[in-house]
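Student: I am new to this structure and would be grateful for a guided introduction. May we proceed by question and answer?

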Amino acid sequence: MSQRRIVIVGNSAASLAALESIRRLDGKCPVTLVSDEPIPAYSRVLLPYLLSGERHDLSLRSPDYYHRMGARMLLGRRAVRIEADAVVLDDGTTLPLDRLLVATGSHAAIPDIEGISTPGVFPLKNMADALRIRGHLKGARHAVILGGGLICLLVVRAFLKLDLAVSIVVSSDRLLSRMLDAEGSALVQQRLAEAGVRVLTHADATRIVARNGRVRSVMTAAGDELPADIVILAKGIRSNIELARAGGLATGRGILVDPYMRTSRPGVFAAGDCAEAPDMLVRGKKTISATWFEAVAQGETAGANMLDLARPSLGSLKMNVMEALGIAVAAIGMTEAPDAEARVLVRSRDGVYRKLVISHDRLVGAVLVGDVSEAGPIATLIRRGLRLSELKRFDPSRPIRYAELAVQWGSSVGDSATALVRWDRPRPDSATC
Amino acid sequence: MSRMIVADMTKCTNCRMCEMACSLATTGAFAPTRSRIRVHVFAEHFKHVPVTCFQCADAPCVKVCPAGALLQGEGLVRFVKEACIGCRMCMLACPFGVISFESEARVIAKCDTCSGDPECVRFCAYGALEFRESELAAAPKGRDFARRVAEAAKG
């Protein structure tokens, strides 16, 4: 077959993983990356470290990366239209293509609150946001963060480094409610309280009060007035699906994809925060993972399938890990029992919390707080979906270690054990392109 | 072809000298819990399996590191301590659980083969650890490892 022309819209985790996956398999096919940001790939995970001044260079790859990868890079251009065998950019350029990857990412959810556009109120999603926040931090003493997720906790860490007094307003009953169970979350919340952070749960911001054209405080529904020189919006993300919609791709909250990361339109793939992909643990469910892990995994899968290698993903596995003011936190798969049949194992001692969720003889979820050293083997066991009763003398109350799992795999799964080191994407050793 | 640390679990006696040697070389103290090679024990099989970083050729930890702290080298997964933010994404990505965390420095730690002269190998008195050329250095590590563990457990 003649060489496929590939265009990737996006320039972060999913896009780079796709590009690298493509290059491992095909060194020559022409690849063009299009990014609406004017700078080479950088790490969004590091943005809070830019705020605190701990990091200045957020580059994800070396300066000669695109050249080495043999990829043309179009920076500061927005893809506006998907046509048959082409994508059109905002400056009128038409890029002819055989395969398109839409990896347009996500944007911060902007709550509908009075005064939301007051200067001093910012999301933290990209470099431009981070630079604006940094410019606004001089002289700031009080910060309010709306939302209690992962971004919130990373921002808390940065702001404490800058000696700001921080308050968090969370509508749910706890911090990290989408990641952790109640017990795990309580340990994090306790740590924040010790650090002097004020956390308001079951609370909603109703108004942002301005003075002299700058934010001054945040009012809550309960009538609290929280002083604020700066407000960070961290109430989750929304997939960027405008381009996909305009191109007629099927969308839900994200761009709907199958296990091959194919969209409803032939030749067009999607990966990362913008994609709504099959869930690994719940059959028939599609989910927007919005994690760095899943973006990398989906990008890699998309890259291989754009070269027609037919490598399906086993589905998105919700998992994440972070350090919340010195406490390591990991959550993998289901954090609560999915039904009455499921078994939950909990151990909690001296600030170390471990919970395993077992359903129908398989490990389906885990929460680890304070010690995440088992996280990798646990994620591997969940992904492989091995029957626990078939693992010789498997004792879930002991730390789960790869070597013990390998005893079982080595004797039963033979060649497919290869997949253990390849995420969840089984691949024949001989695969070339 | 590059060299890698290869463990022969039929020879390992669980003396844990490798853990001592590694921790002394890398942390300056006899602190086996901070060793980058750990001996896993299968009491039911009377087998012991030294496990350390496989230096994967296509490493999951490198792929997910959001800080540019883990880099794919030739026969080595390089770790740049200064770039690490301690987020532990690599620990969640590594199926083998061979990346540990340094609680003082707030960064991860992993085997760097002592720059090509691993202390654990030097101090293994039973020849259970070797640092040698291996065609596996560039191959997927899980299959071979799983097979060898399974065989050792059987025999």
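Predicted model: local features only at pLDDT ≥ 70, side-chain atom pairs only at ≥ 80, totals over all residues.

Student: What percentage of the residues of chain B count as buried?

Tutor: A residue counts as buried if 20 or more other C-beta atoms lie within 10 Å of its own. Applied to the 155 residues of chain B, this criterion gives a buried share of 52%.

Student: At what angle do the axes of helix H1 and helix H8 of chain A cross?

Tutor: H1(A) covers residues 13–25 and H8(A) covers residues 292–306. H1(A) passes H8(A) in a right-handed crossing. Their axes come within 7 Å, and the crossing angle is roughly 35°.

Student: How many residues of the contact of H1(A) with H8(A) are nonpolar?

Tutor: On the H1(A) side the contact includes Leu16(A), Ile22(A) and Leu25(A), while Trp292(A), Val296(A) and Met306(A) are among the residues of H8(A) that they and others meet. Of the residues in this contact, one is charged, five are polar, and the nonpolar ones number 14.

Student: Which residue takes a positive phi in the hairpin of E22(A) and E23(A)?

Tutor: E22(A), residues 319–324, is mostly covered, with five of its six residues buried. E22(A) pairs with E23(A), residues 327–333, in the antiparallel sense over six bridges, and Ala324(A) stands opposite Ile327(A). Two residues lie between the strands, and the positive phi, near 45°, belongs to Leu325(A).

Definitions and conventions: Residues numbered from 1 in each chain as written. Chains lettered and ligands numbered in written order. Axes fitted to C-alpha atoms, helices over the stretch in contact; angles between N-to-C directions. Helix = DSSP H or I, 4+ residues; strand = E, 2+ residues; numbered from the N terminus. Left-handed = near helix turned anticlockwise from the far one by under 90°. Contact = placed C-beta atoms within 7 Å. Nonpolar A, V, L, I, M, F, W, Y, C, P; charged D, E, K, R; others polar. Buried ≥ 20, exposed ≤ 12 C-beta atoms within 10 Å, placed from the backbone. Pairing = 2+ DSSP bridges.
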